[in-house]
Amino acid sequence: MSAVPDEVVPASQQTFLAFDYGLKRTGVAMGNRLIKSATPQATIAAEGDARFELIAKRIKEWQPDALVIGVPTHPDGGEHENTLRARKFGRQLRGRFGLAVYEVDERYTTTEALANGAKDADAAAAAIILDQFLRSLP
């Protein structure tokens, strides 16, 4: 997994599918490098293999060049249990789908989504994560 902007994202990677990982629900957003904008998609409300089956359908539908995941940390940047879970989820995505996976700091994205009046806070948080990622690209 790669953290942005520490590693250069190849110019050939134009479309991205982003995830706001949660134990019960995973927010999803789609975006592309050209317009540097993300659009929330329907949240996946599933766990375990069922979650990955639904993600596989999204990947088949959208054909992203790479994936982006939000990685939560404490306000001071310290890791906690959900940090480790999100990173494991990223490794599973890379292993199952063979796509590059980039990490984005997701602190306060759900709070921001709710403050903006999002009906689906998980999907809106995924869009915020992907917007941050896209804005970091040259």
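## Phe89 and its neighbours

Let's start with Phe89: setting aside residues within four places in sequence, Phe89 is in contact (heavy atoms within 4.5 Å) with Phe19, Tyr21, Thr26, Arg51, Phe52, Ile55 and Ile69. This is a predicted model, in which local features need pLDDT of at least 70 and side-chain atom pairs count only at pLDDT 80 or more, while totals for chains, interfaces and linings use all residues. Residues are numbered from 1 along each chain as its sequence is written, and side-chain values use heavy atoms, leaving out hydrogens and water.

A nonpolar core here is a set of buried Ala, Val, Leu, Ile, Met, Phe, Trp, Tyr and Cys residues joined through side-chain atoms within 4.5 Å; buried means under 20% relative accessible area, exposed over 50%, and partly exposed in between, using a 1.4 Å probe and protein chains only. Helices (H or I, at least four residues) and strands (E, at least two) are DSSP runs, numbered from the N terminus.

## Where two helices cross

How do α1 and α2 meet? The axes of α1 (residues 48-62) and α2 (residues 81-97) come within 12 Å and cross at roughly 55°. On the α1 side, the contact is made by Asp49, Arg51, Phe52, Ile55, Ala56 and Ile59; α2 brings Phe89, Gln92, Leu93, Arg96 and Phe97.

## Two residues with positive phi

Here is a handy piece of background: most residues other than glycine have a negative phi. Lys36 has a positive phi, near 50°. Lys36 sits in the loop between β3 (26-32) and β4 (37-44), and is partly exposed at 31% relative accessibility.

Tyr108 has a positive phi too, about 70°. Its place is the loop between β6 (100-105) and α3 (109-115).

## Buried or exposed?

Is Tyr108 buried or exposed? With a relative accessible area of 53%, Tyr108 is exposed. Thr109, in helix α3, is buried at 1%. Not counting residues up to four places away in sequence, Thr109 touches Ala125, Ile128, Ile129 and Gln132.

How values were computed:
Axes are lines fitted to C-alpha atoms, for helices over the stretch in contact, and angles run from 0 to 180 degrees between N-to-C directions.
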